[in-house]
Amino acid sequence: MRRLISSGSPFEATAGYSRAVVEGNWCFVSGTTGYDYATMIMPESVEEQTRNCLATIGKALEDAGFSFADVVRCHYYVTEAAFADRVFPILGETFGSIRPAATMVVCDLIRPEMLIEIEMTALRRS
């Protein structure tokens, strides 16, 4: 059964997407930027944006009945290659022992204040 998870971001309603979609034992988490969606404030540093991304994703996973331990795939999008060394330790705090498959891509994001976007796929193990 398909279940939709929302973070309350105004972007979800405007663009017509869910923060996460649960289908069976899978949870697909949409690209998530560093906004604090309660206040719609975007921190200036890529480190704080990364922490906000992980907090938003962690809450979506929890609401869906999953956890970071269930994550099997991550895609990280950063606007500068130099950000990799700054966010790797933060990502390592969450995924150091989980070690999902991961890819980091350097690209533009849709708003200039966005420095990182993260999407994940999780699989619930029986």
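1. Basis of the note. This is a predicted model, in which local features need pLDDT of at least 70 and side-chain atom pairs count only at pLDDT 80 or more, while totals for chains, interfaces and linings use all residues. Residues are numbered from 1 along each chain as its sequence is written, and side-chain values use heavy atoms, with hydrogens and water left out.

2. The largest pocket. The space in the largest pocket comes to about 190 Å³. A pocket here is an open set of points on a 1 Å grid over the protein atoms alone, where a 1.4 Å probe fits, with protein on both sides within 12 Å along at least five of seven lines; lining residues have an atom within 4 Å of a point. Grid points are joined across faces, edges and corners, and the volume is the space filled by probe spheres set on the points. Strand β3 gives the most to the lining, with 4 residues, and α1 (10–15) is another element that supplies at least two. Helices (H or I, at least four residues) and strands (E, at least two) are DSSP runs, numbered from the N terminus.

3. By class, the lining of the largest pocket comprises 6 nonpolar, 5 polar and 3 charged residues. In this scheme Ala, Val, Leu, Ile, Met, Phe, Trp, Tyr, Cys and Pro count as nonpolar, Asp, Glu, Lys and Arg as charged, and the others, Gly among them, as polar.

4. Helix α2. This helix runs over residues 46–63; its 18 residues should span 26 Å at 1.5 Å a residue, and the end C-alpha atoms are 26 Å apart, which agrees. The expected span is 1.5 Å times one less than the number of residues. Buried positions in α2 include V46, Q49, C53, L54, I57 and L61. The term buried means under 20% relative accessible area, exposed means over 50%, and partly exposed lies in between (1.4 Å probe, protein chains only). Among the elements covering the buried residues of α2 are β1 (2–5), β4 (71–78), α3 (83–95) and β6 (116–123). Just after α2, G65 takes a positive phi of about 90 degrees.

5. T50 within α2. T50 is placed in helix α2 and counts as buried, at 0% relative accessibility. Leaving aside neighbours within four places in sequence, T50 is in contact (heavy atoms within 4.5 Å) with V87, I90, L91, I116 and I118.

6. Cysteines. How many disulfides does a search of the whole structure find? The search finds 0 disulfides, a disulfide being a pair of cysteine sulfur atoms within 2.5 Å. C27 is in no disulfide, and the nearest cysteine sulfur, that of C74, is 12 Å away. C53 is likewise in no disulfide, with the sulfur of C74 as the nearest cysteine sulfur at 12 Å. C27 is buried, with a relative accessible area of 0%, and C53 is buried with a relative accessible area of 0%.

7. Y35 and M40. Y35 is placed in the loop between β3 and α2 and counts as buried at 5% relative accessibility. Leaving aside neighbours within four places in sequence, Y35 is in contact with residues including F11, M40, N52, T56, R111 and M114. M40 also lies in the loop between β3 and α2; M40 is partly exposed, with a relative accessible area of 30%. M40 has a positive phi of about 60 degrees although it is not a glycine. Most residues other than glycine have a negative phi.

8. R99. A positive phi, near 50 degrees, is also found at R99, a residue other than glycine. R99 lies in the loop between α3 and β5 (101–106) and is exposed, with a relative accessible area of 68%.

9. L123. Strand β6 holds L123, which counts as partly exposed at 25% relative accessibility. L123 and W26 are 97 residues apart in sequence, yet their C-alpha atoms are 4.7 Å apart in space. Not counting residues up to four places away in sequence, L123 touches N25, W26, F66, D70 and V72.

10. G8. The loop between β1 and α1 contains G8, which is exposed with a relative accessible area of 55%. From G8 to S18 the distance is 9.4 Å, C-alpha to C-alpha, and the two are 10 residues apart in sequence.
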